[in-house]
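Please look over the sequence and the model, and then read on for the overall picture and some local details.

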Amino acid sequence: MDPVLADFVAGTLGGCAGVIVGYPLDTVKVRLQTQSAAAPLYKGTYHCLSTIVKNESFWGMYKGMSSPLCGVAVINAIVFGVYGNSMRYLQQNTLTNNLIAGSFAGAVQSLISCPMELAKTKMQLQGVLGPDPMNAIKSGILQKPALYRSPVDCLWKLYSEHGLRTFYRGFWVTIAREVPGFGSYFFSYEYLTRIMTPHGTFDARGNYVEVLSI
């Protein structure tokens, strides 16, 4: 298998596994962060988790998971595609170039991750806070019923009501998180690969040269 394709497939499968395992805790995090300080719904992490399971069933912890799960493949395709093309443009495989290419890839994938996380958060909150979560948080009053059937339905209704700009509220905060995040990811990977690889396996331009032992 082509190394680039292998990285993409492995990254996608690993990303999906990470989403499935970590999503219940992400749901708890979102619920705790957005509850009213004046009238909190949950006493802590365990209470939040047990309340979700009791009131919304086990699957309540996975509301909106299809959004990041489907987004993993798209984001990986963008990240590795942009990173690979950026490295070819920069020509030399230096640590600085890895940092630059990774940061640029993080900025580009934010165009996808921002709307994806919006749909995820809306889905995670609507079972408790109803169709207007922020107003519910301010008033401390639960509002039901839920408004969205799925992440796709959520994005379509948001677009119909508020236009494309609503997908990118908080976009610059996402950029501020993803640019250093992906830049440090590729920088660290390249750095650790070099210090764990025997000397003499990189050419003069800093490109990795595979050495086969016979």
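Of the 214 residues in the protein chain, 37% are buried, where buried means under 20% relative accessible area, exposed means over 50% and partly exposed lies in between (1.4 Å probe, protein chains only). This is a predicted model, in which local features need pLDDT of at least 70 and side-chain atom pairs count only at pLDDT 80 or more, while totals for chains, interfaces and linings use all residues. Residues are numbered from 1 along each chain as its sequence is written, and side-chain values use heavy atoms, with hydrogens and water left out.

**Overall make-up**

- The protein chain has 7 helices and 0 strands, counted as DSSP runs (H or I of at least four residues for helices, E of at least two for strands) and numbered from the N terminus.
- Among the contacts in the protein chain with a separation of 6 or more, 66% are made by residues 24 or more positions apart; a contact means heavy atoms within 4.5 Å.
- The accessible surface of the protein chain is about 12900 Å², and carbon and sulfur atoms account for 66% of it, with areas taken from the Shrake-Rupley method with a 1.4 Å probe, where for residues only the protein chains shown count as cover.

**Nonpolar cores**

- The largest nonpolar core has 11 residues, including Cys16, Val19, Tyr23, Cys48, Ile52 and Tyr62; such a core is a set of buried Ala, Val, Leu, Ile, Met, Phe, Trp, Tyr and Cys residues joined through side-chain atoms within 4.5 Å.
- Two or more residues of this core come from each of α1 (3–34) and α2, and the largest share, 4 residues, is given by α1.
- A second, separate core of 10 residues includes Val79, Met87, Phe182 and Phe186.
- In soluble globular proteins, nonpolar side chains tend to be buried together.

**Helix α2**

- Helix α2 (residues 45–56) has 12 residues and spans 16 Å from its first C-alpha to its last, close to the 16 Å expected at 1.5 Å a residue, the expected span being 1.5 Å times one less than the number of residues.
- Its buried residues are Cys48, Thr51, Ile52 and Glu56.
- Tyr46 and Lys54 are exposed on the face of α2 turned away from its buried side, and the helix is followed by Ser57, whose phi is positive, near 75°.

**Aromatic pairs**

- There are 11 aromatic pairs, in which rings of Phe, Tyr and Trp (its six-membered ring) have centres within 6.5 Å, with planes under 30 degrees apart counted as stacked, over 60 as edge-to-face and the rest as tilted.
- The pair of Trp156 and Tyr159 is tilted, because the ring centres are 6.0 Å apart and the planes stand at 35°.
- Both Trp156 and Tyr159 lie in helix α6 (residues 151–162), 3 residues apart, about one turn of the helix; Trp156 is exposed at 56% relative accessible area, whereas Tyr159 is partly exposed at 41%.
- Tyr159 also forms a tilted pair with Phe167, at 6.3 Å centre to centre and 35° between the planes, and Phe167 is buried at 12%.
- Tyr23, Phe58, Trp59 and Tyr62 are linked into a cluster by ring pairs.

**A buried lysine**

- Lys120, in helix α4 (residues 95–129), is buried at 11% relative accessibility.
- Beyond its neighbours within four places in sequence, Lys120 is in contact with Tyr23, Asp26, Val30, Gly64, Ser67 and Pro68.
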